[in-house]
Amino acid sequence: LQLASKLRLGGFVGSVGFLPRDAMGFGNDERIEALLQDEVQRERPVWLQCAEDDQWVPWKELTEPSFADVMDRWPGLQLRTVRGRGHVIDQWEGDLLHEF
């Protein structure tokens, strides 16, 4: 996020993620807004897979709220939820990378 627009970085794919926000102490809201204002950058793929039953990165309390105000402004963002393995999503991560 810090250098995405400046360096014209490509896509990202990952699992067990949330969007680090100012309210959480990360100081990234300005960078997120810069990315969303950049017509090219906001179209680049960002795929995240998050477990709704993750015991360490809680979906309802952390992950879902961190994306709430950007979902309809970030066309390249694909947020996939899974359930059934908690934090340890194992092969599901490989499946996501393969699709990407």
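A polar contact is a pair of N or O atoms within 3.5 Å, where within protein one atom must be able to donate a hydrogen and the other to accept it, and where residues adjacent in sequence count only if both atoms are side-chain atoms. This is a predicted model, in which local features need pLDDT of at least 70 and side-chain atom pairs count only at pLDDT 80 or more, while totals for chains, interfaces and linings use all residues. Residues are numbered from 1 along each chain as its sequence is written, and side-chain values use heavy atoms, with hydrogens and water left out.

**Overall fold**

- The chain holds four helices and three strands, taken as DSSP runs numbered from the N terminus (helices H or I, at least four residues; strands E, at least two), and from the N terminus on these elements follow the order α-β-α-β-α-β-α.
- Of the 100 residues of the chain, 35% are buried, where buried means under 20% relative accessible area, exposed over 50% and partly exposed in between (1.4 Å probe, protein chains only).
- Among contacts (heavy atoms within 4.5 Å) between residues at least 6 apart in sequence, 75% join residues at least 24 apart.

**Trp47 and its surroundings**

- Trp47 belongs to strand 2, which spans residues 46-51, and it counts as buried because its relative accessibility is 18%.
- The side chains of Trp47 and Gln78 are joined by a polar contact of 3.3 Å, and Leu79, although 32 residues away from Trp47 in sequence, is 6.0 Å from it in space, C-alpha to C-alpha.

**Nonpolar core**

- A nonpolar core is a set of buried Ala, Val, Leu, Ile, Met, Phe, Trp, Tyr and Cys residues joined through side-chain atoms within 4.5 Å; the largest has 13 residues, of which Leu19, Leu36, Phe67, Val70 and Trp74 touch the most other members.
- Helix 2 (29-37), strand 2 and helix 3 (59-67) are the elements that give two or more residues to this core.
- Once neighbours within four places in sequence are left aside, Trp74 is in contact with Leu19, Leu35, Leu36, Arg42 and Val46.

**Loop and N-terminal residues**

- Asp38, in the loop between helix 2 and strand 2, is buried because its relative accessible area is 16%.
- Leaving aside neighbours within four places in sequence, Asp38 is in contact with Ser5 and Arg8.
- Leu7 lies in helix 1 (residues 4-7) and counts as partly exposed because its relative accessibility is 48%.
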